[in-house]
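Work through the exercises below with the sequence and the 3D view open. Try each task before reading its solution.

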Amino acid sequence: MRIHTLRERLRALGANPRHEQRVLRLWSQALPQTSGRRQIEHFLPSALVAELPAIADELAALARLESQHPGEDGSARLLVKLGDGQMVETVLLPRDGVCVSTQIGCAVGCVFCMTGTTGLIRQVGSAEIVAQVALARSLRPVKKVVFMGMGEPAHNLDNVLEAIDLLGTVGNIAHKNLVFSTVGDPRVFEALPLGRVKPALALSLHTTRADLREQLLPRAPRLSPEALVEAGEIYARATDYPIQYQWTLLDGINDSDEELDGIVRLLTGKYAILNMIPFNSVEGMPYQRPSWEKAADIARRLHRRGILTKLRQSAGQDVDGGCGQLRARASMPVVR
Ligand code: SF4
């Protein structure tokens, strides 16, 4: 279900824009269904009131909790069943965050990511994205939503932008706490500045070498690292939020002195934060995680050279909920 089809249905039942907002707020903020419904019912047209229980059931069926896998760091990987039986993974993050999936599988095929190994199975609809947030909110408070779960949000742009618009308006999430994550697609740089809700942007850089980037992210758009940073900088200055550059540290692959020089060359003077995340081990992948000491040394050296660098442990990695570890866990036909 798309959010705009839900809006059309509400309007067909007599809802005006204010009624519509009340219903969408109740859903996206996961306000207690029975008491919340009672509170808004006397403001709504009778045809809509009569349909509300059926609509609430349909919305609840968009994303049902199949299982929950708590990590030691306060995160939890949720296996979530969508209306047609397909599964996505959603990760509850420490400090009131949630990481949502925007596709089942992914076509980009980053060589260090489990999600990419299946190819694209299907898009996740805008209502299914918001339903993941509503499900998370039924379990704990959510103040931040990152679009970093399964899938490349740029490949499902209309649905992701529709979800962002809802979450940043009636969904009560601060715009800068909505984080759109992408390998870098020119359509993103065109579309994001036009929305009434402008999310923060995370760009997957991973290397400063164009040739290596083509190997690591084989089906990402062929934007050079320089062009990516240039486009990111324009968005950062327009929104006044720094770009979060993502760098999965692969031992012996993208941790050389040459790469560190490249980072300093690309990011000096930019409104940017570099998030370095040591590779999360995935069975069967030929990459190694650098030691924490080595990663900390790299981060320190970059810091000394003026690059705001954060070394991060991926939340939920002990329960396969970390960056690059999410995957479609049920057997499903692959659609390309
Ligand atoms: Fe897709 Fe992101 Fe995994 Fe790359 S890292 S394959 S873009 S889900």
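A crossing of two helices is left-handed if the near helix is turned anticlockwise from the far one by less than a right angle, and right-handed if clockwise. Helices (H or I, at least four residues) and strands (E, at least two) are DSSP runs, numbered from the N terminus. The model is predicted: local features need pLDDT of at least 70, side-chain atom pairs count only at pLDDT 80 or more, and totals for chains, interfaces and linings use all residues. Residues are numbered from 1 along each chain as its sequence is written.

**Exercise 1. Describe how helix 1 packs on helix 2.**

Solution. Two packed helices are described by the angle between their axes and the distance between the axes. Axes are lines fitted to C-alpha atoms, for helices over the stretch in contact, and angles run from 0 to 180 degrees between N-to-C directions.

Step 1: helix 1 (residues 3–12) and helix 2 (residues 17–28) have axes 10 Å apart, at an angle of about 125 degrees.

Step 2: angles under 35 degrees count as roughly parallel, over 145 as roughly antiparallel, 65 to 115 as roughly perpendicular and the rest as oblique. Helix 1 and helix 2 are therefore oblique to each other.

Step 3: the crossing of helix 1 with helix 2 is right-handed.

Step 4: two residues are in contact if their C-beta atoms, placed from the backbone, lie within 7 Å. Helix 1 contributes Arg7, Leu10 and Arg11, which meet His19, Glu20 and Val23 of helix 2.

Step 5: sort these residues by class. Ala, Val, Leu, Ile, Met, Phe, Trp, Tyr, Cys and Pro count as nonpolar, Asp, Glu, Lys and Arg as charged, and the others, Gly among them, as polar. The contact of helix 1 with helix 2 has 2 nonpolar, 1 polar and 3 charged residues.

**Exercise 2. Where do Asn172 and Asp240 lie, and what is the phi of Asn172 and of Asp240?**

Solution. Step 1: Asn172 is in the loop between helix 6 and strand 8 (178–182), and Asp240 is in the loop between helix 9 (225–239) and strand 10 (243–249).

Step 1: most residues other than glycine have a negative phi. Asn172 has a positive phi, near 60 degrees, and Asp240 has a positive phi, near 70 degrees.

Step 2: a residue is buried if 20 or more other C-beta atoms (placed from the backbone) lie within 10 Å of its own, exposed if 12 or fewer, and partly exposed in between. Asn172 has 13 such neighbours, so Asn172 is partly exposed. Asp240 has 9, so Asp240 is exposed.
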